Amino acid sequence: AKRSSVTLQHGAHRLGRRTDPAMARWRAYGLGQFLHWGVYAIPGGHWKGKYYAGAAEWIRSWPEMPKEEYDNLYKQFNPTGFDARAWARQAKEMGARYVIITTKHHDGFCLWPSKYTSYTVAHSPYQKDVIGALTDAYKAEGIDVYLYFSIIDWNHPGYRASLNTPADRQAYEGFKTFTRNQLLELLERYPACKGLWFDGTWDKAWVEQAAFADSLETELRSKIPGLVIGSRFRADENGKRHFDSNGDLIGDYEQGWERKIPDNIQQLNGNDWDCVMTIPENQWGYHSDWKGHVKTSTELLEMMVKCNAMEGNFVLNFGPDGNGKIREEETRLAREIGDWMKTNSEAVYNCGYAGLEKQDWGYFTRNRQTGKIYLTIFNRPVNGKVRVRLPAGRQLRTVRELKGATLKTEEIRKQEYFIELKIPAGNIPQVLEMELSEGS
Ligand code: FHN
C-alpha cells in the first residue's frame, strides 16, 4: 500500500531497521525463551474445584474468581522449589539466546521488590527478589535478559481502561507516574537488561497517551544505551498502534506476531519482528490441565526455522508452577529442542532470509555474517530426494550434510536440482549446507 505522509509528532522516529550493534545482537538470537510467572501459577487454572478454560494468567478476570481472594494469593506465594540457575541452565541447554521475563503481568503483582507498591514478592512469604535472581542466573549462562512489563495493572487504584470522567483522568495521572517510576526502577535495578517487552497496551486510556508514552520511551532509552523496545509500547497521536498513521513501524521491531507466523516475507515489509509462541494452544501462565493440542518439538522447530527464514526471532513460552518448578512436558520439549540445536543451530543463530523462494521441503536460511546457505528439511520427499530450484544466474555447486558427507546431486533442468538424502527417513529435521556459484 502507498504510504501516506501525515505530519506526526509521535509516530515512528526512524524509517527502516535499526543498524546498531545492539539491534544486530537482537537479530542474531534466532531462539528465545518467554517466562510467564506470577501468583496465577498458584491456582493454575482452577478455583474451588472448577476448571478455568481461559489462559491461566487471566483467571482473575473470570466471574467465578473472587477478586479479593485473588489479590490475596500473594500471601501464599512461597515457591520453595524455585531455582533460578536450574531454569537458566535448561534454557541454555535448549539453545535460547535470550529470555523475556514477566516482571509484572496484568494482575499487577511484581516479581521484584518495587518500592512503589506493596503488591510485590517482597511482601509474600517468599520475600526474595525473583527478577534479580533470574537476571543473574541467565546472565551467568550468557543469555540476554529482556523484561516483560504489562501496562494494564488490575491492582493499581489509578488504573483505568478508559477515561470517562475528570475523576478518571485525575486517577490516571497517578497511574502514569507510577508506571514511569516502576519502569525507571526496573532499569536502575537491572542495568544488564537489554530491552523491554511491553504488553497490555491496547486499552483506550493508554492509547490516548501518545505524548506521555513517547517521552517516556525516550527517557527509558537514555538509561540503557541500545535498549530494544518493540511496537507494542505506544500509539501515535491518532491512536494508531504498531504502525503509525503513515504505516511506519513504531519502535524497533514488530510485536504483532503472537501465536501466529506470517505466510511470507513480503508481509513483514522489511521490519524486524518476533513471534511469541505457547506450547499448548493458548496458555502462558501455568495451567495444571492443558487441554487441546500440545505442540511437539518438531512442530516447534519448524515454527522457529520458518521465523528465522523470514528474519524473525522465535520465542517459546514456559509457565513454571506455583512451587517454582518447570513442568515435565516443558522440560522434555526443551531437551528435545536442545538436542536438535546442538547439531543444527548453525542454521538458526544469526541466520535470516536467504533471498531464495520458499520451497516445499522446508526452509532456506542464510547466515548474515558468513553468507552460508542452509536448507532445513521438514517435509522429506518419499523418493528421498529434495528438489531445489534456484533463481536465474545461480548454480548449485555443492551440498553437504552439516559436518558430514557431500551429497549427490542431479541437475534436472536449468537451475533445478535433486539432492539425494543419505540418512533414512525419520522424524528429525535435517540440515544441509549448500554452496552456490554465479553463472547461467
Ligand atoms: O494478555 C496477554 C497474555 O496473557 C500473554 O501475556 C500474551 C503474551 O504475548 N500477551 C497478552 C495478549 O496479547
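Which residues line the second largest cavity? In this predicted model, in which residues are numbered from 1 along each chain as its sequence is written, local features need pLDDT of at least 70 and side-chain atom pairs count only at pLDDT 80 or more, whereas totals for chains, interfaces and linings use all residues. Side-chain values use heavy atoms, with hydrogens and water left out.

The second largest cavity is lined by Ile-279, Pro-280, Gln-283, Trp-284, Gly-285, Tyr-286, Trp-290, Asn-317, Gly-319, Arg-327 and Glu-330. Its volume is about 30 Å³, a volume being the space filled by probe spheres set on grid points that are joined across faces, edges and corners. A cavity is a set of points, on a 1 Å grid over the protein atoms alone, where a 1.4 Å probe fits but cannot get out, while a pocket is an open set with protein on both sides within 12 Å along at least five of seven lines; lining residues have an atom within 4 Å of a point. The lining of this second largest cavity divides into 5 nonpolar, 4 polar and 2 charged residues, where Ala, Val, Leu, Ile, Met, Phe, Trp, Tyr, Cys and Pro count as nonpolar, Asp, Glu, Lys and Arg as charged, and the others, Gly among them, as polar.

Over the whole structure, the search finds 2 cavities of 30 Å³ or more. The largest cavity holds about 40 Å³ of space and is lined by Trp-37, Gly-38, Val-39, Tyr-40, Thr-102, Thr-103, Lys-104, His-105, Asp-107, Phe-109 and Leu-111, a set with 5 nonpolar, 4 polar and 2 charged residues.

The chain is assigned a domain 1 (21-350) and a domain 2 (354-438), with bounds that come from an automatic or database domain assignment. The centres of the two domains, taken over C-alpha atoms, are separated by 36 Å, and 17 residues of domain 1 are in contact with 18 residues of domain 2, contact meaning heavy atoms within 4.5 Å.

Two or more lining residues come from each of helix H8 (297-309) and strand E12 (362-367), helices (H or I, at least four residues) and strands (E, at least two) being DSSP runs numbered from the N terminus. Strand E12 gives the most, with 3 residues, and by class the lining of this pocket has 8 nonpolar, 5 polar and 4 charged residues. Because domain 1 and domain 2 both give residues to the lining, the second largest pocket lies between them.

Helix packing was examined for H3 (residues 84-94) and H9 (residues 328-344), whose axes come within 7 Å and cross at roughly 40 degrees. H3 is therefore oblique to H9; axes are lines fitted to C-alpha atoms, for helices over the stretch in contact, with angles running from 0 to 180 degrees between N-to-C directions, and angles under 35 degrees count as roughly parallel, over 145 as roughly antiparallel, 65 to 115 as roughly perpendicular and the rest as oblique. In this contact, Gln-90, Glu-93 and Met-94 of H3 meet Thr-331, Ala-334, Ile-337, Gly-338, Met-341 and Lys-342 of H9.
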